[in-house]
Amino acid sequence: MFGEKGLVHVYTGDGKGKTTSSLGLAMRASGQGAKVEIIQFMKGWDHYGELATVKLLPGVTLTQTGRADYVYRGKETREDYSEARRGLDLAKDVIASGRCDMLILDEINVALDYKLIPLDEVVSLVKSKPKDLELILTGRYARPEIIELADLVTEMREVRHPFQRGVTARKGVEY
């Protein structure tokens with residue numbers, strides 16, 4: 001960063017921590033004076049804890065592109081497609097503008113898996129990134145084509161999750 005070679009990260013897998021890891025990078029980069037943009041795909045709820053926290057981090061902006069509802073496979077709405085398109089177009093604009101040091105595309109892998117956005121456009125986006133931009137793609141189901149382009153791939157693997165014992169999502173931990 002800051003003139004060095006920027007890498008492509010992929011955080012994927014069925015385990016918890018993909019978004020959290022990327023937000024940790026945003027916090028770290030902000031602490032070093034970097035400009036960070038976060039685009040959240042398929043997330044429109046206003047109660048995520050990171051929405052309040054990001055406002056406290058200098059140089060970090062977050063844009064949600066999604067409905068405030070779950071997207072169920074096979075029951076995608078027109079709005080799901082248009083919001084994913086809006087996120088992808090924003091990502092292209094951010095990359096073309098060179099206005100940040102780090103770009104986080106949160107849950108883009110899921111948007112790809114649900115076919116809300118075309119794989120070839122995301123591949124092209126990754127290939128077009130400036131050499132000094134740190135680019136992070138998160139979400140389950142990372143496509144092999146995306147993994148092949150990445151410099152760093154971390155797969156979170158679920159070993160045990162409290163949901164299996166009936167514990168639902170907790171404020172401040174899961175959202």
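Mentor: Happy to. A cavity here is a set of grid points where a 1.4 Å probe fits but cannot get out. Keep in mind that this is a predicted model.

Trainee: Okay, how many cavities of 30 Å³ or more does the structure hold?

Mentor: There is one. The largest cavity has a volume of about 40 Å³.

Trainee: Which residues line it?

Mentor: The largest cavity is lined by Met42, Thr65, Gly66, Arg67, Val71, Asp80, Glu83, Ala84 and Leu116. By class, that lining has four nonpolar, two polar and three charged residues.

Trainee: And which helix gives the most to that lining?

Mentor: Helix α3, residues 78-97, with three residues.

Trainee: Switching to pockets, how much space lies in the largest one?

Mentor: About 1,700 Å³. Its lining counts 47 residues, and the closest to the pocket's centre are Thr19, Lys43, Tyr48, Glu107 and Glu174.

Trainee: New topic: where does aspartate 132 lie?

Mentor: In the loop between α5 (119-127) and β5 (134-138).

Trainee: Why is aspartate 132 called partly exposed?

Mentor: Because its relative accessible area is 34%, and partly exposed covers the range between under 20% for buried and over 50% for exposed.

Trainee: How far is its C-alpha from that of threonine 168?

Mentor: The two C-alpha atoms are separated by 40 Å, with the residues 36 apart along the chain.

Note on methods: Residues numbered from 1 in each chain as written. Predicted model: local features only at pLDDT ≥ 70, side-chain atom pairs only at ≥ 80, totals over all residues. Heavy atoms only, no water. Helix = DSSP H or I, 4+ residues; strand = E, 2+ residues; numbered from the N terminus. Buried < 20%, exposed > 50% of the residue type's maximum accessible area, 1.4 Å probe, protein only. 1 Å grid on protein atoms, 1.4 Å probe; cavity = no way out; pocket = protein on both sides within 12 Å on 5 of 7 lines; lining within 4 Å. Points joined across faces, edges and corners; volume = space filled by probe spheres on them. Nonpolar A, V, L, I, M, F, W, Y, C, P; charged D, E, K, R; others polar.
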